[in-house]
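Walk through this model from the inside out.

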Amino acid sequence: MKGPMSAYTDSPAYSAPSSGHGLLEGWKYRSLRLGPFRLPWYASPESQLILVSFVCFLCPGMFNALNGLGGTGQRDEDIYASTAANSALYATFSVVGFFAGTVTNTLGIRFSLSFGGLGYCIYISSFLCYNHTRNLGYTVFSGFLLGCCAGILWCAQGAIMMSYPPENRKGRYISWFWMIFNLGAVIGSLVGLGLNIDERGDETVNDSTYVGFLVLTFLGACLAWTLVDAKDVVRRDGSRIILMKHPTWKTEILGLWETLRTDPYVILLFPMFFASNWFYTYQYNDVNAAQFNTRTGALNNTLYWLAQMFGALIFGFALDYPNVRRTTRAKAAWTSLCALTFIVWGGGYAFQRKYTREEVALEGHQLYDWTSSGYIGPMILYISYGIYDAVWQTCVYWFMGAITNNSRKLANFAGFYKGIQSAGAAIIWRLDGLQNSPPPYMNLFASCWILLSGSLVVALPVIILKIQDTVPVEEDLKFTDETIEDVIGYGVTYDSPEQKMAWTKDG
């Protein structure tokens, strides 16, 4: 071998499960033809990404749809139940998420995703129960449990999304995931809109909404068991995922420390992680729930998640643009985030100046309906918030995926991301939910804008110094017990010339 080998873009193919002639064997490696199209084989990164996207479509997607209504569908004096549950959720998530890479690497992808999905079922059931019993204890417990479950689910999802694709396709994999995932929130929002379309007042959503979300989240938890193990996934060029062959609790706990010891620069991304969910509470409760009636809030929610799909599509594919070096694309992404931060949140500042928490609390405060004059401006702002969120999340995932291709390390990165992200969310949910003296809306708005802007400045050295045009395989293998032969290999053949053409195109 002459010099280091780039990861997965020009690598020789792997002779994975084969009959001795290099032909991939078993139903997991047979692609199906659908008219003129040949579908990827079941154990391909594409198929596995689509499956995990639909798990998140059905679980976190429904959670987002419900929370996007403001107050998790609760209103007035009952909104504190949502705030208490989400405070418990994110406080737990912040701890569990930080160590979730250890759990995911040890127990595997399928268990992690299914366990995580069950937490969303229980969370939604607690609000259905609360509608009838006002059992705050169960609601808070469901938030605590979901914090444990979601931390593990999102770590597994992040490891798949960042480590399964080849380097030159990571942006589009992230965008595909974000679009399918947010389609769940769009459909959930449409369900909420349809069931509450006649609610011109400010009412709690009805039982049918909660029941519908409960069924969908349970289906998502079941769908997780249809994924294959990471060791069975084979890319288009025949290469495999870099991971530990024989993970144990000891190796993965030590691996968490090794990640911080060998990659201390990731700490400079922590402020971006922290800021990435901070603004949700402000947008959901202090804009959507505070200024719009039930049905219009449901419409805003639908548009918000549709905008996320659009933002992820544009930026995901732009981040993979082949005619520009990856180092240049990383700097362009950072510059775009800076510009959007000042444009979108500058518009948010102009809107926030029009109302205060005290005015919203007054009896008879006039809420926007979609028939109100002057609704278009706030609607466009809320759509812009959705686009901004998708761009931020897509870029953060892409930055992490550009640093390494090692699944074990990326699981830890994803755990850091979701844990620190949730710590920020726990703090802001608690601040917004203070019963006696919650901060003014303008203070919460300012905290969002300052955190987002400041975190971009802190992250700049990582963008400039640590993102390379490609990461050598030898570098990725340092963090595992695998060899180059385990992940690269030789000799893949195909069922037909058409299959070879389909699987080598763009790969």
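**Core, rings and cysteines**

The largest nonpolar core has 123 residues, and W345 and F399 have the most contacts inside it. A nonpolar core is a set of buried Ala, Val, Leu, Ile, Met, Phe, Trp, Tyr and Cys residues joined through side-chain atoms within 4.5 Å. Buried means under 20% relative accessible area, exposed over 50%, and partly exposed in between (1.4 Å probe, protein chains only). Helix α14, residues 376–403, gives the most to this core, with 16 residues. A second, separate core holds six residues, including A100, I152, A159 and A411.

This is a predicted model: local features need pLDDT of at least 70, side-chain atom pairs count only at pLDDT 80 or more, and totals for chains, interfaces and linings use all residues. Residues are numbered from 1 along each chain as its sequence is written, and side-chain values use heavy atoms, leaving out hydrogens and water.

What surrounds W345? Leaving aside neighbours within four places in sequence, its contacts (heavy atoms within 4.5 Å) include F279, Y282, Y385, Y388, F445 and W449. C448 is another of them. That cysteine is buried, at 2% relative accessible area.

Step back to the whole chain. The protein has 19 helices and two strands. These are DSSP runs, numbered from the N terminus: helices are H or I with at least four residues, strands E with at least two. Of the 507 residues, 59% are buried. Among contacts between residues at least 6 apart in sequence, 86% join residues at least 24 apart.

Now the rings. The whole structure has 47 aromatic pairs. Rings of Phe, Tyr and Trp (its six-membered ring) pair if their centres lie within 6.5 Å; planes under 30 degrees apart count as stacked, over 60 as edge-to-face and the rest as tilted. W27 and Y42 are tilted, because their planes meet at 45 degrees, with centres 5.1 Å apart. W27 lies in the segment before β1 and Y42 in the loop between β2 and α1, so the pair ties together parts 15 residues apart in sequence. W27 is exposed, at 56%, while Y42 is partly exposed, at 25%.

F111 and F115 are stacked, 6.0 Å centre to centre with 5 degrees between the planes. Both sit in helix α4, four residues apart, so about one helical turn separates them.

Last, the cysteines. The structure holds zero disulfides (cysteine sulfur atoms within 2.5 Å). For C121, the nearest cysteine sulfur is that of C59, 6.1 Å away. C121 is buried, at 9%.
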